[in-house]
Amino acid sequence: MTLDNDLELAELVRKVALLNAMQHGGSAQAGAIIGKIIGERQELKTKVKELSGLISKIVNEVNSLSIEEQKETVEKKWPEALKKEKVEEKRLPPLPNADKYARVVTRFSPNPDCVLHLGSARAILLSYEYARMYHGKFILRFEDTDPKAKRPVLEFYESIREDLDWLGCKVDEEYIQSDRLTIYYEYTERLLRDGNAYVCTCTPDQFRKKSLASKPCNCRDLPPEEHLERWKRMLTGGYTEGEAVVRVKTDLDHPNPAVRDWPALRIIDTEKNPHPRVGNKYRVWPLYNLAAGLDDHLLGITHIIRGKEHLTNKVRQEYMYKYLGWEYPEAIHYGRLQITGAFLSKSKIVQGVREGMYKGYDDPRLATFAALRKRGITPEAIKKMIIDVGPKTADVTLSWENLYAYNRKILDLKSDRYFFVSEPVELKVTGVPKDFHAKLPLHPEKPEGGFREYTITPKGEEKAMSFWIAKKDASTAEVGKVIRLMELFNIKITSIKADAVEASFASESYEEIRKTKAQLIHWIPVGEDVPCRVVMPDASVNKGRAESACKKLKPDAVIQFERFGFVRVDEVAAGLTVYYSHK
Ligand SMILES: [Zn+2]
């Protein structure tokens, strides 16, 4: 039996296609359907080509229906499929040893040398969600102790706070490391006095040679008094940048040479590279492991949740914890999360914005939270995606499509529908017999949410009426064919030119042309339109016209342009500017 004669299969494809179409604004995606069908009918694995043909035929049929018709069909034939899938709210696995602590405390600790982007989402959301899950505390700690190579920028402190706020992660306490230098100095002195750290004045090369041979450098075994003396000199200007570094002692034969006597503090010439907050007040600056290691204990962090690239840092810091008689917090190291196609290099983002390659930190080409916000990506979608991935140690690769799928589910239910005509072409319809009143629901599933209404009044002897239609629709029209203006009436194309299409009124009811699989297109009456610019994810601008009801929209509204995609309204003035989210 060929697949074309398998009626049962055709019905299954139709059902899956209809459900898929309803989830995608009326337009089913063949690619998603094939997987589902093979999932249910394994034997078709060997007939993918034939099956694709069948699916694309049925998808075309399904996509020619309006969303309402799609829904009606499903309601009639497969009412059970419409019952809301019970969505289990996915929960995070428990934290290790949470009972050991009176209160779970987590932290997110960014360097304000860039705005936040999708790459930080996991650290933020897991830390915040765990704190919330255990009624604990979530701390924001700015790690801004490198005024030279990873120079913090004042405006980013604020934009990071805004991003966390937008993500719904309420910060219980905030600390800024550049305010805490004297605390780090105090502990450094203790480590030096106890002989657990030393001031090394070797050149990097001299030190490396000794270290690789598991040998102490010339400084290491000098008495603590000498190191305290050198430390004072570091603080007061007796050494210049690069001449001295404080090292924390480790086993010299530690199997990982990168752990051996790790650098803890160094001199930065803040006359040349002033810190944006504290200027040239300090010249000795802690490196990551000293500052973060001390702070995690001093701020009472119970659970550190971070990427596995920090595993070696834990090994380094554990030496310092032992010297200070402290217990290392619980540490959860998750795997790498890659998002295909998302550009996440902080230095390149900052450079690109400075050099004008990007319009700003919210340029739609970037994966910054500011850009995602501008494009109508909801924080709920980001959060759901991150929680579904969880803190597992295996590496995970996601795509923009994954994020869009989460976002679509959220937007689909709450976004009002409007017509947008991309690259408008005028369509003149003659012979319209009477006035028509189009009443279009703002949301097909929520008639109580209201309507957009347009009255079509034919003019002159020709009883003519003009509409804007999309160039894409105009280019697929054929003379002699009947097509339907969605929710309005059917027309027969009489002439097609580059910038104008003419048609005559054919009939009113959809039933009459249903069997002909006539194409359904959207339209805007000429005069009932507002110019609309859609900024696409690649920063190109798609110019067109939106229906006049869009003039009432407020900035930040996320709507769906039917047969086009979801967009976020950015500006409503003489015209509309919107940012494209996704299909
Ligand atoms: Zn040395």
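Is Cys202 buried or exposed, and what is its relative accessible area?

1. Cys202 is buried, at a relative accessible area of 11% (buried means under 20%, exposed over 50%, partly exposed in between, with a 1.4 Å probe and protein chains only). Cys217 is buried too, at 6%.

2. The model is predicted, so local features need pLDDT of at least 70 and side-chain atom pairs count only at pLDDT 80 or more, while totals for chains, interfaces and linings use all residues. Residues are numbered from 1 along each chain as its sequence is written, and side-chain values use heavy atoms, with hydrogens and water left out.

3. The zinc ion has as protein donors the SG atoms of Cys200, Cys202, Cys217 and Cys219, 2.3 to 2.4 Å away (donors are N, O and S atoms within 2.8 Å of the metal, or 3.2 Å for Na, K and Ca). The donor atoms subtend angles of 102 to 118°, so the arrangement is tetrahedral (for four donors, all angles between 85 and 135 degrees).

4. The donor spacing in sequence is C-x1-C-x14-C-x1-C. Cys202 sits in the loop between strand 4 (197-200) and helix 9 (204-212), and Cys217 in the loop between helix 9 and helix 10 (224-236), so the pair ties together parts 15 residues apart in sequence. Helices (H or I, at least four residues) and strands (E, at least two) are DSSP runs numbered from the N terminus.

5. Helix 8 (residues 181-193) packs against helix 11 (residues 288-298) at about 100°, with the axes 11 Å apart. The two helices are therefore roughly perpendicular (65 to 115 degrees).

Definitions and conventions
Axes fitted to C-alpha atoms, helices over the stretch in contact; angles between N-to-C directions. Parallel < 35°, antiparallel > 145°, perpendicular 65-115°, else oblique. Tetrahedral: all angles 85-135°; square planar, octahedral: opposite > 155°, others 65-115°.
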